[in-house]
Amino acid sequence: MQIREIFAADQVGFPVLSTLIFLPLAWAILVLAIGDEKRARWTALTGALIELFLSLFVLARFTPGTPDVQFAERRAWMPTLGASYHVGVDGMSVLFLPVASMLTVLVLVASWHDVKTRARGFCASLLALSAIVVGIYSSLDLVLFFVFWEASLVPIYFLVSLWGVGPERRYAATKFVLTMLAASGPLLLGIVLLAVAGRQSPADPYTFDWLVLRARPVPAAIGPIVFFTMLTGFAVKGPFVPLHTWMPTMLRECPVGIGVLLTGLKLGSYGVLRFLVPLLPEATAHYAWLLGAVGATGIVYGALVALVQPNLRRMLSFACLSHVGIVLLGISSGKAEGLTGAVLAMLNLGLSATGLFFLTGFLQSRVGSSEVSALGGVAQKAPRAAVMFLLLSLAGIGVPGTSGFPGEHLVLLSAYETSLPRLGLALLGTILGAAYVLRVFEQVFLGPVTRPRVAAMKDLRPLEWGVVGCLAILVLVVGLYPRPLLAVVGPSAEALARPVPSVVAGHP
């Protein structure tokens, strides 16, 4: 299928995606220039709300039912290298723009009373990260994508090292950055090899344009090399098992806001969907068994480790590892249902997992610890927090009526059609997921109150209630009526799946 572009000038009359990318950067500079901390917070929140409004405007003007790239913008950037400023969104990416913008708003609101020092720097760094994430989701040039990919490390490093909550926050930030930089080498190598392999003849210019490369077949001899080099970069960021060692420390030490973004925005999984599947369909199909095996292993391993974690933050980190396995399992099917389910599963992480991380941060701010042993009987003192934790946990394990069900159902359906062993592992992971959810809920929220800090605990404050309540409403709306999301994602998933299923079906 020929994928055409619908330019922003024809669709809305102005470069809306560039506005989404560069407005938060300009707003971050404005926030730093404001001397008063309170005014800086309000200014940052205003900018984040404008960003959210624009992302919702893009979603509202997006035309469903087509795999075409919409709101496209092209500008010459580095023509001698074949790189251009090329942005646009389709059904696989457009939904992530409002999710990322919404999470930025919620993080600013949730940190209103918790970030007491250098608030201007915190708000500016968060706005900069929001801009970079939008750039990652909308980039259609691989060099541009790589620039945004690397740029995300700068605000994350400062947000964790300066506003982290644990004694090892600087170690966690340094380990994260060094790990990501090490993974960037293979990713960049794969991007360069892809551009080289995409030329029809030695006289052809290099190009890193996603649409052009999608129409050029990669030689069979170099396809696996490009696949594994790029996959390495995405797998570390994902993270995928077994390249996840940075994640538990990072999520234990980072501020709530960064934990929310790391758990809710799975950029590594998005990289696989955006670049490996469409640009390397033969290699992706040939090694789909490997993606499926890693995904199924991650589902079971993450759930098993989450089941025995004594710390809420670490439990959530391994639960997210299990959820990433669901995404990979959907991608490995090579079917439209699996790819659609993978996108919906990633969106569910942006709602349920982030809500749980918010709640964990709220509890930690009250008792001074995220250890399960420091809690117990919380439902007696904070019943609203208990109800929200249970609802979001049920969404995390895909209970019908919640946002986790549509994506997980589609992934399991695609696994049934392609690999019964992987389906069995996924079902085992689902059972284990229910086990760790019930275990944590019983130990944290039920039983008698035995800790003085729990006895003095207050329920969710209005700001906290608003943050978690917003996510809970979306969890129920998406779970009960997913049809609009399916109309957006489905056509793009079908266009991606066409070259793949006949090869994938032969693997166990």
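Guide: Start with helix 11 and helix 12. In this predicted model, Trp-246, Met-250 and Leu-251 of helix 11 meet Gly-259, Leu-262 and Thr-263 of helix 12.

Visitor: How do the axes of helix 11 and helix 12 cross?

Guide: The axes of helix 11 (residues 246–253) and helix 12 (residues 256–264) come within 8 Å. They cross at roughly 145°.

Visitor: How many aromatic pairs does a search of the whole structure find?

Guide: The search finds 21. In one of them, Tyr-301 and Phe-318 lie 6.4 Å apart, centre to centre, with 75° between the planes.

Visitor: Why is the pair of Tyr-301 and Phe-318 called edge-to-face?

Guide: Ring centres must lie within 6.5 Å, and planes over 60 degrees apart count as edge-to-face. Tyr-301 and Phe-318 have 6.4 Å and 75°, so the pair is edge-to-face. Tyr-301 is in helix 15 (residues 288–307) and Phe-318 in helix 16 (residues 312–333), 17 residues apart.

Visitor: What makes Tyr-301 and Phe-318 buried, exposed or partly exposed?

Guide: Buried means under 20% relative accessible area, exposed over 50%, partly exposed in between. Phe-318 has 4%, so Phe-318 counts as buried. Tyr-301 has 33%, so Tyr-301 counts as partly exposed.

Visitor: And what about Val-196?

Guide: Val-196 is in helix 8 (residues 169–197). Its relative accessibility is 35%, so Val-196 counts as partly exposed. The C-alpha atoms of Val-196 and Thr-207 are separated by 8.3 Å, and these residues are eleven apart along the chain.

Visitor: How do you know that the charged end of Arg-384 sits over the ring of Trp-465?

Guide: The distance cut-off is 6 Å from the ring centre, and the charge must also be within 35 degrees of the ring normal. The charged end of Arg-384 is 5.1 Å from the centre of the Trp-465 ring and sits over that ring. The charged end of Arg-41 sits over the ring of Trp-112, 6.0 Å from its centre.

Visitor: Which residues touch the most other members of the largest nonpolar core?

Guide: Met-230 and Phe-358 do, in a core of 190 residues. Helix 17 (residues 336–367) gives the largest share, 16 residues. Beyond its neighbours within four places in sequence, Phe-358 is in contact with residues including Leu-106, Val-260 and Leu-471.

Definitions and conventions:
Residues numbered from 1 in each chain as written. Predicted model: local features only at pLDDT ≥ 70, side-chain atom pairs only at ≥ 80, totals over all residues. Heavy atoms only, no water. Axes fitted to C-alpha atoms, helices over the stretch in contact; angles between N-to-C directions. Helix = DSSP H or I, 4+ residues; strand = E, 2+ residues; numbered from the N terminus. Contact = heavy atoms within 4.5 Å. Phe/Tyr/Trp six-rings, centres within 6.5 Å; stacked < 30°, edge-to-face > 60°. Buried < 20%, exposed > 50% of the residue type's maximum accessible area, 1.4 Å probe, protein only. Core = buried A, V, L, I, M, F, W, Y, C linked by side-chain atoms within 4.5 Å.
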